[in-house]
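Subject: Structure handover

Hello,

Here is the structure for you to look over. My notes come after it.

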Amino acid sequence: LIMDLMDKLSHIFEQGLSNGFYPVPQQAIGVGSAFEGWSPNAQDVVYRVLVPLSPPAGHAFHLELDSAGMLQRNFCVRVELPCTCTRERLGEDILCFLHHPEEELRRKQDPSLLHTLCTGSYLDVEKTVRWFNQFMRGAWLLLPQPRHWRLMLQPSSRTFKFQVSKDKESFTAEMIFAVRQGDSDIFVGSQPTEVGIPSTRWLETYAVAEAKFFRHISRQARRDSCHCKCLQLLSSFLMGVGFSSYALKTVVMHLLSTVPLTQWRRRDFRQRLVDILKYLHCSLETKRLRHFVIGNESFPVEISLPSGFRVAEPPNLFQHLASSPDAHRKAVQEYNGLLHR
């Protein structure tokens, strides 16, 4: 239902945005636990979709590294105005933003993206989300769903979150806007981050590559493979504690690359749970858990990564434990609580 809704919205965007200079949403990509098959709580599933944005006509996006954190890099999306005089001479209905007088541009053409959703020369996350919010209210009325489903928008400054409901049935979806790095499956996205981050900062996200990895495993594994059930069970025990389900997911992805898929059948469920907990315990003791995508030379070649990703130094997801004895002590306590449950 969510992906069908996104496809219909993409069609409306294509029609409604054809005359303006706004980012062009591409086909949405399902990411996260709901689309990977291991949501821990069926009652509170959030269907996260990543919506790639392409530059409008007469514009180009250029990614600039803003800062490199311990776990992910931050980028700014510079909006540039390349010369379009050649396209103009070929009869395309667009004036060159660089070489036409401003007065003529104001009279004959909508403002450039730099004057609508940017702060300075950079695409602004919060302005983009507000613009999409306004567009979504009108687009919803053009869909067949309103006759049966009710739309409820849930405000968020960096993502677009909404709920559709009918009778006792409801679904919650969250749209993350993103810009692709080259032709790869790595994006910079609008996903929430720490308080105070500038609205022109976009965070590198590996969600698409990870979702493709789970689909890659599902194609090769037997139908009774228990890898998602292991994640589902263990992550449900992490609800309400500070231990990261992403760390647990990373452990499982590492094991899926080392333990043969023939040993993930239903009959192996108990042993695989033990393996996951042992791997997690070892990572806690050494205070080191390697990122799965960055620096993984065995990552499936059919999943496209930027140049140098496979041979880069993998970030340590447990770096905060290595630098804080209190955080490490708390993580060990939570692990022991997980064992007790």
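Below are the notes on overall build, then on aromatic pairs.

This is a predicted model: local features need pLDDT of at least 70, side-chain atom pairs count only at pLDDT 80 or more, and totals for chains, interfaces and linings use all residues. Residues are numbered from 1 along each chain as its sequence is written, and side-chain values use heavy atoms, with hydrogens and water left out.

The protein has 11 helices and 12 strands (DSSP runs: H or I of at least four residues for helices, E of at least two for strands, numbered from the N terminus). Of its 341 residues, 48% are buried (under 20% relative accessible area; over 50% is exposed, in between partly exposed; 1.4 Å probe, protein chains only).

Now the rings. There are 17 aromatic pairs (Phe, Tyr and Trp rings, the six-membered one for Trp, with centres within 6.5 Å; planes under 30 degrees apart are stacked, over 60 edge-to-face, the rest tilted). Tyr-22 and Trp-131 are stacked, because their centres are 5.3 Å apart and their planes at 5°. Tyr-22 sits in the loop between α1 (2-16) and β1 (24-25) and Trp-131 in helix α5 (residues 125-140), so this pair ties together parts 109 residues apart in sequence. Tyr-22 is partly exposed at 27%; Trp-131 is buried at 11%.

Phe-213 and Phe-299 are also stacked, at 6.1 Å and 20°. Phe-213 is in helix α6 (residues 207-220) and Phe-299 in the loop between α9 (269-286) and α10 (319-323), so parts 86 residues apart in sequence are tied together. Both Phe-213 and Phe-299 are buried.

Ring pairs also link a cluster, whose members include Tyr-22, Trp-131, Phe-13 and Phe-177.

Best wishes
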